[in-house]
Amino acid sequence: MGHLSANPAGANPSGEGPARRESQSKSHRWLWIVALAVLVGLGIWYFRGTRASTEAQGPAAPGGSSKGGTGAGGFVVPVVVAAAQRGDLPVYFDGLGTVTAFNTVTLHSRVDGQITKINFQEGQFVHQGDSLLEIDPRPYQVQLEQAEGQLAKDQAQLRDVQVNYERFQLLYKEGVIPKQQLDTQGSQVGEFEGAIKADQGTIDSAKLQLVYSHVAAPISGRIGLRLVDIGNIVHATDTNGLLVITQLQPIAVIFSLPQDQLPQVATKLRNGEQLVVDAYDRDDTTKIEAGKLLTIDNQIDTTTGTYKLKAVFNNDQNILFPNQFVNVHLLADVKKNLVIVPASAIQRGPQGTYVYVVQSGNTTKIQTVTIALTTANSVGLSAGLNAGDIVVVDGQDKLQDGSHVNPSTAPATPNAQNANGGQQPSPQPGNAQSGARRPADAAQQGHSAGKAQ
């Protein structure tokens, strides 16, 4: 019989299996406990830090601002203020225009010949009467000499027939010759007199051709690009010209306005008033030139409902150029004796149009106003404010009626002509009918609406 083994199959001879597994399980539990404790500690630390930061900033003000408030609860709101002024505001009609040369001349040759001399440079400014081109004058000089020779021949023959006619008159009186012979000799005198007049006309024509061979400037203006060169043969029947001259001083601008504005403009022109017209660049921010309204077209365009006007500008600096696009502002009227505030002071709400007025004690009051005219960055009021009232122009979103404010003064922005006749810098022209605003151009602040008067 065989011997039985003391250790069953699969048993750990050392007896350490269950004990080892229990030890590993306890180690895992401790790791989970330590990790959980670390997470709890981090959460407590983060919560306390956030709370401390919030308390350091102070309680949030009503309206969502953490630095102040709407004025309730003793909080002071910093704002920017400006004083209302009494003065005049201009009324502008805005349109789109195109610069047009006052006169444009395309020079053509009036004689046939070869160009022998060019006396101008491309782009040069010339004056009326300046010599520009010379065409070979020799053929016309020859024609002149031939005409003068024919004149001398006819004059000699005229003297001969005149002497014979005087002799025939004496012979006729003595009855030597008949009346018919005398009349025939008289007709020869008249024939040569007519020939002499024709010769004189031929001479004048040749002289005129010589004048035409020297091409002169018919107007003062600027020459464009050269169209011919020395040596070219030109003819009086050529379609293309020799050169083009455009008059730039003065220069015109043709622009359009809505037909609803026609009566006001036409009435002022009939009364002899001179309306000021300003030309601005394509961006409508920079003033280019100031001029005056010249005339109105004689009909309204039915497709657009607009009418055309023509303004004239001196263009001393030659800034305006033919076919240039410009924005035109016509000074149609000046509203007198308005209370003027910056456009940024105007607020709109259920109660209508209003402003925040700063009272004594630096508290605000909602004041309803009536707008008479809006132009660029200024608003003219007909009711609701008095000259000298302090209004808020920035920071209104944090205000309510009775708010406490810390005011700071804004630069003087109401631009108008004050009531006593003195001039203040005018606003950049805006659309007086719609109240549209445009960016102010600091370089143009010297333009005054009072110039219309």
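## A tour of the predicted model

Start with strand β15 (residues 325-342) and strand β20 (residues 378-383), which pair in the antiparallel sense over four bridges. This is a predicted model, in which local features need pLDDT of at least 70 and side-chain atom pairs count only at pLDDT 80 or more, while totals for chains, interfaces and linings use all residues. Residues are numbered from 1 along each chain as its sequence is written, and side-chain values use heavy atoms, with hydrogens and water left out. Strands (E, at least two residues) and helices (H or I, at least four) are DSSP runs, numbered from the N terminus. Two strands pair if DSSP finds at least two bridges between them.

**Stop 1**

Select V339. Its bridge partner in β20 is L381. Now pick N337, also in strand β15. N337 is not a glycine, yet has a positive phi of about 55 degrees. Most residues other than glycine have a negative phi, and most peptide bonds are trans. N337 is partly exposed, with a relative accessible area of 45%. On this scale buried is under 20% relative accessible area, exposed is over 50%, and partly exposed is in between (1.4 Å probe, protein chains only).

Five bridges join β19 to β20, and the two run antiparallel. Select T370 to find its bridge partner in β20, A383. Then go to the turn. The hairpin of β19 and β20 has two residues between the strands, and A376 there takes a positive phi near 55 degrees.

**Stop 2: the sheet β3-β10-β8-β5**

Show these strands together. They form an open sheet of four strands in the order β3-β10-β8-β5, with antiparallel pairing. Which strands stand at the edges? They are β3 (104-107) and β5 (125-126), each with a single partner strand, so one side of each is left without a neighbour in the sheet. Inside the order, strand β8 (residues 221-223) and strand β10 (residues 243-246) pair in the antiparallel sense over two bridges. Select R222 and look across to T246 in β10, which stands opposite.

Follow the chain to the loop between β10 and β11 (251-258), where P250 has its place. A cis peptide bond joins Q249 and P250, with omega about -5 degrees.

**Stop 3: the sheet β7-β6-β4-β9**

This is another open sheet of four strands, in the order β7-β6-β4-β9, with antiparallel pairing. Its edges are β7 and β9 (233-234), each with a single partner strand, so one side of each is left without a neighbour in the sheet. Strand β4 (residues 113-118) pairs with β9 in the antiparallel sense over two bridges. Click G113: V234 in β9 stands opposite.

**Stop 4: the largest pocket**

Select L107, H108, S109, R110, V211, Y212, H214, V215, A216 and P218, which line the largest pocket. About 160 Å³ of space lies there.

The search used a 1 Å grid over the protein atoms alone: a pocket is an open set of points where a 1.4 Å probe fits, with protein on both sides within 12 Å along at least five of seven lines, and lining residues have an atom within 4 Å of a point. Grid points are joined across faces, edges and corners, and the volume is the space filled by probe spheres set on the points.

Colour the lining by element. α3 (179-212) and β7 (214-216) each supply at least two residues. β7 gives the most, with three residues. Then colour by type: six lining residues are nonpolar, three polar and one charged. Here Ala, Val, Leu, Ile, Met, Phe, Trp, Tyr, Cys and Pro count as nonpolar, Asp, Glu, Lys and Arg as charged, and the others, Gly among them, as polar.

**Stop 5: rings**

Turn on side chains. The whole structure holds one aromatic pair. Y354 and Y356 form this edge-to-face pair, 5.8 Å centre to centre with 80 degrees between the planes. Rings of Phe, Tyr and Trp (its six-membered ring) pair if their centres lie within 6.5 Å; planes under 30 degrees apart count as stacked, over 60 as edge-to-face and the rest as tilted. Both Y354 and Y356 are buried.

Now select F102 and K310. The charged end of K310 sits over the ring of F102, 5.0 Å from its centre. The test asks for NZ of Lys or CZ of Arg within 6 Å of the ring centre and within 35 degrees of the ring normal.

D284 lies in the loop between β12 (276-280) and β13 (287-301). D284 is not a glycine, but has a positive phi of about 60 degrees. Is D284 buried or exposed? At 11% relative accessibility, D284 counts as buried.

Finish at V81, in strand β1 (residues 76-83). V81 is buried, with a relative accessible area of 6%.
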